[in-house]
Amino acid sequence: EKDKIVLAGKEIEPVEPREEKIGDCSVSLVDFVATGKKWAVDGSLVLAPRFSQRSLKQPSLMLSTREVLLTDLRAEVAALGMKAEYSALSGYSQLTVNGKIFVRKDNVTGKIDVEGPLCEDFYLVRSVVCDQYVTL
């Protein structure tokens, strides 16, 4: 049986996660409940956060309106005064920054990882990567 949520004294059934369009983006992780109200402007359903310990453990959702390209990241990192080398390898592409920070992008999934020693360069590069996304 699904968890029931009580909001404003009413029991509300949770909304099942499914893929939805928000502008040009597709969102596939939804952990909210419908309040039963509609927004007057366009009739969209009003959602409220699900109050449970389970929902607090979910990872953040990072959205971008376009594909994040390592060649674009290379230009941004270079603008910060760091040396960046791009290479395309089997299964992934990689950006090597100052010879010690690695930004890898899986060619199939598009997942981007930032690896390297925890230093000022690492945090600057990670910041450049994270700035490409909106985090929900």
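**Exercise 1. Find the residues with the most contacts inside the largest nonpolar core, and the elements that supply the core.**

Solution. The model is predicted: local features need pLDDT of at least 70, side-chain atom pairs count only at pLDDT 80 or more, and totals for chains, interfaces and linings use all residues. Residues are numbered from 1 along each chain as its sequence is written, and side-chain values use heavy atoms, without hydrogens and water.

Step 1. A nonpolar core is a set of buried Ala, Val, Leu, Ile, Met, Phe, Trp, Tyr and Cys residues joined through side-chain atoms within 4.5 Å; buried means under 20% relative accessible area (1.4 Å probe, protein chains only).

Step 2. The largest such core holds 15 residues, and Leu73, Val77, Leu95, Val97, Val103 and Val125 have the most contacts inside it.

Step 3. Two or more residues each come from helix H2 (70-79), strand E9 (92-97), strand E10 (101-106) and helix H3 (120-130). H3 gives the largest share, four residues. Helices (H or I, at least four residues) and strands (E, at least two) are DSSP runs, numbered from the N terminus.

**Exercise 2. List the contacts of leucine 73 beyond its neighbours within four places in sequence.**

Solution. Contact means heavy atoms within 4.5 Å. Leucine 73 then touches Val68, Leu95, Val103, Val128, Val129 and Gln132.

**Exercise 3. Give the strand order of the open sheet.**

Solution. Step 1. Strands pair if DSSP finds at least two bridges between them. The order is E8-E9-E10-E11, with antiparallel pairing.

Step 2. Strand E8 (84-89) and strand E11 (112-115) are the edges, each pairing on one side only.

Step 3. Four bridges join E10 and E11; arginine 104 has aspartate 113 in E11 as its bridge partner.

How values were computed: Buried < 20%, exposed > 50% of the residue type's maximum accessible area, 1.4 Å probe, protein only.
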